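Open the model in your viewer and keep the sequence beside it. We will go stop by stop, selecting a few residues each time.

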Amino acid sequence: MKIIVVKDYEAMSELGAQIIENTIINNPSCTLGLATGSSPIGTYQRLVKAYEDKRISFKGVKTYNLDEYCGISRSHPESYYYFMHDNLFNHVDIDEKNVHIPLVSNDNLEQDCKNYNDLLNQTTIDLQLLGIGANGHIGFNEPGTPFSQETFIVKLTDKTRQDNKRFFNSIDEVPTHAITMGISNIMKAKRILMLISGKNKADTVVRLLKEEIDPDFPASVLHKHPDVTVIIDQDAYSKI
Ligand code: GLP
C-alpha cells in the first residue's frame, strides 16, 4: 500500500484527478470503478476541467459505480445515479451506455444484485476509486462483511446512516438499505486509489495504517491487494 500525505482536500483532489487523467490518457478506453461521497467531488471537478481543456475525453471510457441506495428513485437528488450525473457525467462526453450504476428496481433486489454482479464479472476494472466510511466501510461493505462477498443488499449501520444524514432532511429519510459491490468485486480491480480527507477520518486512518487485516474494518482488506495508492490529507493524517 502506497501512502501519499498531502496538505489538504484540494491537494488530494488534484493528485487524485491527475492519476485518473493519466489512466485515461494511457488507455482512452479504460474501465473505471467510481465512488460517491464528499471525498471524490473535488477530483470529479478537476476531471471535468481536464475534459473542458481538451486534455482528456471520456468517449471510450467505461464506468462502474460501487453502490446505490435502495428505496429512492434514480431521480432523487441523493441517489448515487443523480450524484454521478450531477458531479461528472453530465459535464463530459461519456457515452451513457458505458455508465453502469446498480439499478434498484425495488421489486426484485436479489435479481438486481445478480444482474450487476454478472456485469462486473464480464469486465475488468483498471482503476477503482474509493472513499472510506468512518467505520472503515468501502462501497457500502459495512464492518463484518466477509472478504469473499460479491454484490449484495446491505442493511446500513446506524453509524453510516447518521454520517450520511447531512445530505437528507432528517434521519428518517436516509435509506436503510443499499446495493453494493462486494469486497471480492472491489479486490478484482487492477489498481485501487483511495482518497481520505478531514479530521473526522483521523481515527479511521490510524486503524487503516495499523495493517491488521480484520473484517471488522473492511478497508483493511486492501493490504492484501498488490496495487493500492492512498492519498491522505494532513487533517486525516493528524493522529499518526
Ligand atoms: C458512503 C459511500 C462510500 C463512501 C463513504 C464516505 O457511505 N457509499 O463509497 O466512501 O460514504 O463518504 P465521504 O467521502 O463523504 O466521507
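## Stop 1: the parallel sheet

Start with strand β2, residues 31–34, and strand β6, residues 127–130: 2 bridges join them, and they run parallel. Keep in mind that this is a predicted model. Now pick out Leu32. Which residue of β6 stands opposite Leu32? It is Leu127.

Next, colour the whole sheet around this pair. The sheet is open and has 7 strands, paired in parallel. Read across it in the order β1-β10-β9-β6-β2-β3-β5. Go to its edges, where you find β1 (2–6) and β5 (99–100). Each has a single partner strand, so one side of each is left without a neighbour in the sheet.

Now select helix α4, residues 109–121. Helix α4 lies across β3 (62–65) and β5. Its direction makes about 140 degrees with β3.

## Stop 2: the antiparallel sheet

Select β4, β8 and β7. In that order they form an open sheet of 3 strands, with antiparallel pairing. Which strands stand at the edges? They are β4 (67–69) and β7 (152–155), and each pairs on one side only. On average, neighbouring strands here are turned by 25 degrees against each other, direction ignored.

Zoom in on β7 and strand β8, residues 177–180. The two run antiparallel, joined by 4 bridges. Find Lys155, and look opposite it for His177 in β8. Here α4 returns: the helix packs on this sheet and touches β7 and β8. Its direction makes about 125 degrees with that of β7.

## Stop 3: the ligand

- Ser39: an oxygen atom of the ligand is 2.5 Å away.
- Asp67: a nitrogen atom of the ligand is 2.8 Å away.
- Arg166: an oxygen atom of the ligand is 2.9 Å away.

How much of the ligand's accessible area does the protein cover? On its own the ligand has 390 Å², and the protein covers 94% of that.

## Stop 4: a charged pair

Side chains of opposite charge can pair when their charged atoms come close. Across the whole structure, a search finds 15 salt bridges.

## Stop 5: a leucine in α1

Stay in helix α1 and select Leu15. What does Leu15 touch, leaving out residues up to four places away in sequence? Its contacts are Ile4, Val6 and Ile231. Finish by drawing a line from the C-alpha atom of Leu15 to that of Leu195. Those two atoms are separated by 9.8 Å, though the residues are 180 apart along the chain.

Definitions and conventions
Residues numbered from 1 in each chain as written. Predicted model: local features only at pLDDT ≥ 70, side-chain atom pairs only at ≥ 80, totals over all residues. Heavy atoms only, no water. Pairing = 2+ DSSP bridges. Contact = heavy atoms within 4.5 Å. Axes fitted to C-alpha atoms, helices over the stretch in contact; angles between N-to-C directions. Polar contact = N/O pair within 3.5 Å; in protein donor to acceptor, adjacent residues only side chain to side chain. Areas by Shrake-Rupley, 256 points an atom, 1.4 Å probe, with all protein chains shown as cover. Salt bridge = Lys/Arg side-chain N within 4 Å of Asp/Glu carboxyl O.
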